[in-house]
Amino acid sequence: MNFSKSFRNTFLVILLSLIVSACATKKTTTKVEGQMQGDVYTGTDTVKYLADGVPDRVFFATNESILTTKSRDTLRKQANWLRENSNINVVVEGHADERGTREYNLALGERRANAAKDYLITYGISADRISVISYGKERPVDSGSNPLSWSKNRRSVTVKAN
Amino acid sequence: MFKIFNLTFFIILLSITKANSLIEIDITRGNLDPLPIAVSPLFQDDNSKKNSKNELKIENVGSEISSVVENNLKISGLFNPLSKEAFLQKPDIAHLKPRFEDWALIKAQALITGKVTIENKKLKVEFRLWDILAGREMMALAFTTVPSNWRRVGHIISDKVYERLTGEKGYFDTRIIYVSEEGAKTARVKKLAIMDQDGFNTKYLTLGNELVLTPRFNPTSQMVTYLSYFKNLPRVYLLDIETGTQEVVGDFPGMTFAPRFSPDGKKIIMSFAKDGNSDIYTMDLENRIVERITNHPSIDTSPSYSPDNKFITFNSDRSGFQQIYVMKSDGSNVKRISFGKGLYGTPVWSPRGDLIAFTKLHKGKFYIGVMRTDGSGERLLTENYYQEAPSWSPNGRVLIFYRETKSNDKGEGFSAKLWSIDLTGYNERQVQTETDASDPSWSSLLSN
């Protein structure tokens, strides 16, 4: 993908230059390095927990709905928790960052939410316990206009429905 | 609710002279030399001024109407309304018979004069357009309507002048429906709002209790279609702005979005998302029959009909990323038309039929552009940090869209505003709104 590729490259360059410039910016370096892999958010700033050790959200690369290894790990934890709490139903909310057209982002959010839902189903959770809703780019958690903020907003969040 | 369209106008064409005018405006090119025009305040006698004050709380509605005209002509970028301080002739005398040499002296090439009376709760307006160089009347019209319609009279005069001098229909007696935005970026409150094309008479159609997006006018009636998250179920709705009644469009077991009317106003075309896949559907508003138009595992959205209803342009990522496609309106003959560098979205067919306007994202910048319907002749009109969702003026000469500013790392500095730009790429300007605004849609001409 043109945009995401060039975006990723730019980001890598920034990352490298940060590492090279060391000392003075060391703090920033660790922070950014620790919070993004490619352009997928890997930090925990915005994460909430459905139960102890069960994160409520997973993150996506620009324009993507592919689940990363870490996302699959999170979703397996959610599936276990849902199995143990069979009275709880959930809504999976799909979100996009602000760097895309509104209508496409609504579709993309729906695709992301369904990627998470499908994974929960694969791990034995009944489809009728999971509904999905896409908010597109309408409900960011981080209001900054920078790659890190955008990475936190490209997400699907599992919330209790009852 | 309120009635905003149910307004009666009686328009009488007094005269129109087609032959031998010396002035005309070419709007196919960027107009860097706008036509100097004098808009004389419409004359009003003392009795009318008294009635005007009683009826409208405005004493001199004649000059108010001329200000509406002046402002419209100015924002079109095609006219340069001259300062009234330089006018030598009084409005009433000029209206009877202008002294052309006086107007030529201040370099006016065209002159608008007129007369207003308010009597028995009726507003009567008469106006004339004069060709100063040829020394003759080009057009004369008279209107009768209710006094509260005075701004619309100004818009209709503007349209008549625009049409007479450019040879194309105007776009001033129109409205913009849009989404009004307030509050923090992470908890934005959005309401449907409608206003006159020049930013006046704003009315809010929803209260902000639920998220609303992408309103679009029916080109043939007073209906609007939009996306509402009412009860947290994102669905396409149909709203009658005259009566305020609204209903869900169709009975879909999931999100419907990206709605638009067909040009004949008989169908709504939209996306329906199910199991992570969005396809394009139509619903016939008369018999409620739903038809599936695309059937592809990719995202298909942002559909827009050609003005003859025969084709549909839409946005799809079936190639791996967002591009623009055209197909027949039954869904056959799908062809990709965007091949430039970057991502393309929000295609919208021009009311003239020859162009498709779009949003393009390339190297972190957003562009509003146009291309021919086969994808050739791509022309980018404006570049910015973020902008999207162009909507055509009914004459296909101007695009309105929204633009967002970048936030700093604390999330401050964000704004969303409406902007317009001529098809020529000139005359870019912000459209005034009471609040932040996005997702504009331009109505058809109201007086047709």
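Which elements are included in what covers the buried residues of α1(B)? In the predicted model described here, the cover includes β3 (43–44), α2 and β5 (110–119) of chain B. Helix α1 itself spans residues 46–56 of chain B, and Ser48(B), Asn51(B) and Ser52(B) are buried within it. Viewed down the axis of α1(B), the buried residues fall within an arc of 105°, so they line one face of the helix. Asp46(B) and Asn54(B), on the other side of α1(B), are exposed. The residue that follows α1(B) is Lys57(B), which has a positive phi near 60°.

The overall architecture of chain B comprises five helices and 31 strands. For its 448 residues the globule rule gives a radius of gyration of 22 Å, and the value for chain B is 23 Å, close to that figure, so the chain is as compact as a globular protein of that length. Along the principal axes, a box of roughly 70 × 50 × 45 Å is filled by the C-alpha atoms of chain B. Of the 448 residues in this chain, 50% are buried. Among contacts in chain B with a separation of 6 or more, 48% are made by residues 24 or more positions apart.

Chain B is divided into two parts, domain 1 covering residues 10–166 and domain 2 covering residues 175–442. Taken over C-alpha atoms, the centres of domain 1 and domain 2 of chain B are separated by 35 Å. The contact between them involves nine residues of domain 1 of chain B and 11 residues of domain 2 of chain B. On the side of domain 1 that touches domain 2, helix α2 (residues 61–75) of chain B provides the largest share, with three residues. By class, this side of domain 1 of chain B consists of two nonpolar, five polar and two charged residues.

Helix α5 of chain B, residues 150–166, contains 17 residues. The distance from the first C-alpha of α5(B) to its last is 24 Å, close to the 24 Å expected at 1.5 Å a residue. This helix is mostly covered, with 15 of its 17 residues buried.

Phe200(B) counts as partly exposed because it has 13 C-beta neighbours inside 10 Å, whereas a residue needs 20 or more to be buried. When neighbours within four places in sequence are left aside, Phe200(B) is in contact with Arg151(B) and Met195(B). Between the C-alpha atoms of Phe200(B) and Glu182(B), 18 residues apart along the chain, the separation is 19 Å.

The interface between the chains places 25 residues of chain A in contact with 38 residues of chain B. On the side of chain A that touches chain B, at least two residues each are supplied by α1 (2–21), α4 (102–122) and β7 (130–136) of chain A. The largest share of this side, 10 residues, comes from α4(A). Divided by class, the residues of chain A on the side that touches chain B are 10 nonpolar, 10 polar and five charged.

Terms used:
Residues numbered from 1 in each chain as written. Chains lettered and ligands numbered in written order. Predicted model: local features only at pLDDT ≥ 70, side-chain atom pairs only at ≥ 80, totals over all residues. Helix = DSSP H or I, 4+ residues; strand = E, 2+ residues; numbered from the N terminus. Rg over C-alpha atoms; globule rule 2.2 N^0.38 Å. Buried ≥ 20, exposed ≤ 12 C-beta atoms within 10 Å, placed from the backbone. Contact = placed C-beta atoms within 7 Å. Domains from an automatic or database assignment. Nonpolar A, V, L, I, M, F, W, Y, C, P; charged D, E, K, R; others polar. Expected span 1.5 Å × (residues − 1). Arc of directions from axis to C-beta.
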